[in-house]
Amino acid sequence: MKLERLLLSYLKARPRDFWDLVHHFGFMPPYIQAVKNLQKRGLILVKNSRMTLTPKGRTCAEKIEPRDPEPKKLDLKLYREIRPKMESLVKYDQLPITIQAAIKKVNFINKRDGLEDRAIACLGDDDWMGIALALTELPERVTVFDLDERVLENEKKVAEKYGLEIEAVRHDFRKPLPKKYRQKYDIFITEPPDTLPGLLLFFSRGLELLKGAGKAGYIGVATYSLSRDKWLEFEKGLLKMGVVITDALHDFEPYEVDGKELEWISGLPKGVNPPKKPWYYATLFRAETTQKAKPLYKGEFKTGIIEEVFITRIKG
C-alpha cells in the first residue's frame, strides 16, 4: 500500500511516464505490481506508457501531499538562521557537517526514500539534521538520540520556538535502545566516530529502530582515518547485519572547520597550521534492510579504552 500511495502522490503532482519513475522505486517487481493494483482499482490510466489519475484516483489522492521525484529545496536562509551554534567537543567526537551539506542530505533522502509520513531517527545530532528534517513538515515523526545534553536542549529550544515536531532523547549508544523505540522507524541517520567499532556500533543501534525489511539507514563515513582494510571490514560488517548497500556518495558531506583539528590529528609536518576552510569529507552510505537484517550488537557494548572506539584520531 505504501508504494501505491507513493505512486499516487507522484501522479497527483502531474502525469508521469511509466519508465521515468522506475529508478525512483528501486526493485522493479513491486513497482510493476503497484501500477497494476492501481489500474485494477480504477485509480489510474496507462496509455502509451503515460500514467494519469482517473477522477476516482484524484479523489483518492486528495489527502495525499503531491510529491515530485525532484523535491523542492529546503529553505537555506531559514535553516541558516535557526541552526544552533555550539562548541564541538572532542570527547563526544563532534564536528558538524556544513549547512549546505545538511540541506543536500535532506533533499537526497527525500528523493531516495521520501520523507512524507516517515518516522526518522537521528543517532547523534551535532549536525542538526533533526531540525532540518522537521522544517520540511513532511516526516510523521523525528526523534533525536544523543548523549550530549547541549544537543538535546538546543533541539528542544528550536522546536518550541518555531513549532517543530522533534523528540529529543538522551542515550548512551553503548547500551541498546529502549524497547519503546525499537522497530518503530522507517529511516535512521547517523554520523558516527570514524573508527571501525564506532561505525558498526552506531549502525547496529540504528538497525534496532527500523521496522523491518525495505527500510533505510544512512551513515557518513570518512576515508581519512580508515585504512582500506578497515573500510573492507566496515562493509563486511554491514553485510553481516543483513543489509544491502545501495548507494555510496563519495565526498558527499563536507564538515565545518572548528579550529580543534590539532587535538585529534597528530604528527603533521612542521609549518602546517589548522585549516581555514572545509577539508574533511564523508562518503554517505545508504543501506537497505532485508528479511535477514539483524543488529550486530544486541546487548551492552563493553570496551576498555573508550577513545579507541569513540574518538576519531589521525596519526601522521
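## Close-up views of a predicted model

No disulfides are present: the count comes to zero in this predicted model. For reference, a disulfide is a covalent bond between the sulfur atoms of two cysteines.

**View 1. Cys-60 is partly exposed and Cys-122 is buried.** The relative accessible area of Cys-60 is 36%. For Cys-122 the relative accessibility is 0%.

**View 2. Strand β8 pairs with β7 and with β11.** β8 spans residues 216-222, and seven of its seven residues are buried. Ala-216, Tyr-218, Gly-220 and Ala-222 point one way from the strand, while Gly-217, Ile-219 and Val-221 point the other way. β7 (residues 187-190) pairs with β8 in the parallel sense over four bridges, with Thr-190 opposite Ile-219. β11 (residues 281-289) runs antiparallel to β8 and is joined to it by seven bridges; here Val-221 stands opposite Thr-283. Together, β7, helix α9 (residues 196-209) and β8 form a right-handed β-α-β unit.

**View 3. Helix α6 is mostly covered.** The helix runs over residues 99-112 and reaches 20 Å from its first C-alpha to its last, close to the 20 Å expected. Ten of its 14 residues are buried, among them Ile-99, Ile-103, Lys-105, Val-106, Phe-108 and Ile-109. The elements covering these buried residues include α5 (76-82), α7 (129-135), β7, β8, β9 (243-254) and β11. Gly-114, with a positive phi near 80 degrees, follows the helix.

View 4. Glu-153 is partly exposed at 35% relative accessibility, and Lys-156 is partly exposed at 40%.

**View 5. A salt bridge joins Asp-186 to Lys-211.** The N to O distance is 3.3 Å. The pair links distant parts of the chain: Asp-186 lies in the loop between β6 (167-170) and β7, and Lys-211 in the loop between α9 and β8, 25 residues apart. Asp-186 is buried, with a relative accessibility of 3%, whereas Lys-211 is partly exposed at 38%.

**View 6. Arg-286 forms a salt bridge with Glu-288.** Their closest N and O atoms are 3.0 Å apart. Arg-286 counts as buried at 3% relative accessibility, and Glu-288 is partly exposed, with a relative accessible area of 26%. The structure holds 17 salt bridges.

Conventions: Residues are numbered from 1 along each chain as its sequence is written. This is a predicted model: local features need pLDDT of at least 70, side-chain atom pairs count only at pLDDT 80 or more; totals for chains, interfaces and linings use all residues. Side-chain values use heavy atoms; hydrogens and water are left out. Buried means under 20% relative accessible area, exposed over 50%, partly exposed in between (1.4 Å probe, protein chains only). Helices (H or I, at least four residues) and strands (E, at least two) are DSSP runs, numbered from the N terminus. Two strands pair if DSSP finds at least two bridges between them. A crossover is right-handed if, with the strands pointing away from the viewer, the path from the first strand over the helix to the second runs clockwise. A disulfide is a pair of cysteine sulfur atoms within 2.5 Å. The expected span of a helix is 1.5 Å times one less than its number of residues. Contact means heavy atoms within 4.5 Å. A salt bridge is a side-chain nitrogen of Lys or Arg within 4 Å of a carboxyl oxygen of Asp or Glu.
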